[in-house]
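Q: I would like to learn how to read the features of a structural model, one at a time. Could you take me through them with the definitions in hand?

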Amino acid sequence: MISIEINGQKLEIKDDLLLKNALEISKTFYIPGTTTGILKTSGKKEEATSEYKILTTKGELKIELFGDSTLWTKFSHFFKDLKAHWESRYAIAFGPFETDITVERSEQKYNRYDIFLGTGGYDQKNSYLMIAKDKHISDYGGPKGAVLGKVISGKNIIANLKQGDTLLKIEPVIKWETLLNKITTEDLNTPLEDGMKIFTYFNVDLINESPEGAEHFLALIRRKTFHVGTFSNSFISDNALQGEGCPYEHWDARSEGSVVVRTDGQGNGRVYIYKEDRTSSPVHSVVGHVSHGIELVKIAPPGSNLGVVANPERVMVQGMTFKDAEKVLNLRGLKLERRGYTGDDAIVVEQVPDTTIGIIAEGGVTALGVKADKIINVKFYDDLAPITLDFFRHSLRLKDRPLGPLPIIYTYENTFLFRPEKEAQTYKEINPENTPKGKVKAGEIGVTNQAAKRYGMVGVKLVDDDKYGPTGEKFESTNIIGKVLEPERLKGMKADDIIYIREVS
């Protein structure tokens with residue numbers, strides 16, 4: 001028998017079992033095809049660094065020591081449960097505690113965010129651990145070479161610390177992840193060894209301060225996977241929603257395990273998970289924190305897909321019938337208010353509030369229902385027109401919603417023309433791709449490309465056409481992106497009607 005641990009669950013299993021057997025026995029959460037992380041803890045080593053985490057009543061910051069650390073080592077056991085005894089424009093002092101430092105009666109130069117020792121009235125019994133808020137020169141009665149180190153992350157915390165706040169504890173940062181004997185695999189026939197710790201997913205606790213950002217993250221992981229599109233020593237990111245807007249909501253340090261959405265500039269819409277502490281940023285809004293499985297995040301290779309669970313889970317009833325939506329919401333203690341067509345068979349096409357955190361806060365959803373014949377199921381040609389489909393999905397919000405509205409602006413004979421509500425012509429260039437060859441088949445969806453003046457127009461014809469595309473443009477100005485599965489549903493539709501596009505595979 002060997003002892004292993006799967007997602008924190010300890011198991012005793014036969015020593016000839018494989019990873020797939022352990023997953024089955026544990027009944028743990030696992031998405032087939034995702035990457036599993038395994039730590040062989042028997043070879044574990046840890047290495048303390050010169051970096052320390054300081055937890056205060058206003059949040060966490062990190063410091064790095066430099067030079068001779070003798071004083072830090074000698075007195076650091078005092079650095080817990082210390083109240084801020086006084087503060088000024090230039091510094092804040094935690095203490096007092098007693099030391100035997102050799103007091104210097106002279107001014108010293110301090111830079112912003114320096115960590116240093118001082119005394120009150122040159123009395124060693126009234127020693128303080130101090131943090132400089134700004135660059136200045138002063139005499140704090142400290143030892144020669146009083147500066148011990150510098151704050152390197154969580155600098156916004158310093159401005160918020162006031163007299164009466166408490167320095168709760170200090171602990172060294174352990175750089176274990178670079179030394180552990182670890183593997184990642186998608187092979188369920190991987191043999192297991194005694195002492196292994198196995199991670200098949202990570203969990204994210206979302207924060208109420210970022211309802212829009214949390215919804216952005218929930219949309220990204222709607223299939224309960226996170227794709228490692230970008231990899232560095234300090235973070236991994238999933239870039240699937242790059243280009244999709246997200247407002248900046250919550251300023252906080254990007255500490256280890258922080259889940260962050262970039263809200264401006266290059267990479268706007270990317271979701272990052274941090275493996276190391278970084279300072280806060282005006283273009284990185286913090287939306288949650290990893291509460292389990294940070295080990296998997298730290299060892300995930302580029303290109304891998306990771307299982308992920310969010311807390312809370314997404315509340316999304318769009319695409320459901322009212323009957324099914326009510327069941328789902330009741331299970332979570334949430335109410336449903338019906339609008340529009342209110343029959344049990346109605347399909348939900350809108351929900352208010354628009355975010356999971358907002359819905360939970362209000363205790364329910366107001367949903368708009370339509371008859372099922374307003375839903376147009378479409379199969380897209382991703383392999384033939386990926387760029388145009390990126391534009392189309394962005395225009396209808398199909399990247400983060402199960403269906404999207406598409407207003408009809410004009411109909412004639414067997415042709416229906418649409419213009420998305422969300423302007424997206426500036427989002428991407430719509431260069432010619434998958435232009436028709438010989439004939440456009442009935443039910444195929446066309447988008448006018450930028451070879452024509454009305455680029456961005458969407459059209460469908462109910463009959464084959466060997467001369468013009470679905471939007472009435474020439475073939476060279478038309479990109480074919482997919483096919484309507486039930487084109488007869490368009491019959492009888494008129495200008496100003498709204499259909500709802502639902503993607504099917």
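This is a predicted model: local features need pLDDT of at least 70, side-chain atom pairs count only at pLDDT 80 or more; totals for chains, interfaces and linings use all residues.

Q: Which residues line the largest pocket, and how do they divide by class?
A: Lining residues have an atom within 4 Å of a point. There are 17 of them around the largest pocket, and Leu220, Arg222, Arg223, Leu398 and Lys399 lie nearest its centre. Ala, Val, Leu, Ile, Met, Phe, Trp, Tyr, Cys and Pro count as nonpolar, Asp, Glu, Lys and Arg as charged, and the others, Gly among them, as polar; on that basis the lining has six nonpolar, three polar and eight charged residues.

Q: Which elements supply the lining of the second largest pocket?
A: Helices (H or I, at least four residues) and strands (E, at least two) are DSSP runs, numbered from the N terminus. Strand 25 (347-352), helix 8 (386-396), strand 28 (403-412) and strand 33 (498-503) each supply at least two residues of this lining. The second largest pocket holds about 290 Å³ of space, and among its 16 lining residues Gln318, Val349, Glu350, Arg397 and Pro405 are the closest to its centre.

Q: Is helix 8 mostly covered or mostly open, and what covers its buried residues?
A: Buried means under 20% relative accessible area, exposed over 50%, and partly exposed in between (1.4 Å probe, protein chains only). Nine of the eleven residues of helix 8 are buried, so that the helix is mostly covered, and Phe391, Phe392 and Arg393 are among those buried. Contact means heavy atoms within 4.5 Å, and the elements that cover these buried residues include strand 27 (375-380), strand 28, strand 31 and strand 33. Just after helix 8, Arg397 takes a positive phi of about 60°.

Q: Why does Lys461 count as buried, and what does its side chain reach?
A: Lys461, in strand 31 (residues 458-461), counts as buried because its relative accessibility is 7%. A polar contact is a pair of N or O atoms within 3.5 Å; within protein, one must be able to donate a hydrogen and the other to accept it, and residues adjacent in sequence count only if both atoms are side-chain atoms. The side chain of Lys461 makes such a contact with that of Asp465 at 2.6 Å, and reaches the backbone oxygen of Gly469 at 3.5 Å.

Q: How many aromatic pairs does a search of the whole structure find?
A: A pair of aromatic rings is described by the distance of the centres and the angle of the planes. Rings of Phe, Tyr and Trp (its six-membered ring) pair if their centres lie within 6.5 Å, and planes under 30 degrees apart count as stacked, over 60 as edge-to-face and the rest as tilted. The search finds 16 pairs. Phe79 and Phe97 are edge-to-face, because their centres are 5.6 Å apart and their planes lie at 65°.

Methods. Residues are numbered from 1 along each chain as its sequence is written. Side-chain values use heavy atoms; hydrogens and water are left out. On a 1 Å grid over the protein atoms alone, a cavity is a set of points where a 1.4 Å probe fits but cannot get out, and a pocket is an open set with protein on both sides within 12 Å along at least five of seven lines; lining residues have an atom within 4 Å of a point. Grid points are joined across faces, edges and corners, and a volume is the space filled by probe spheres set on the points.
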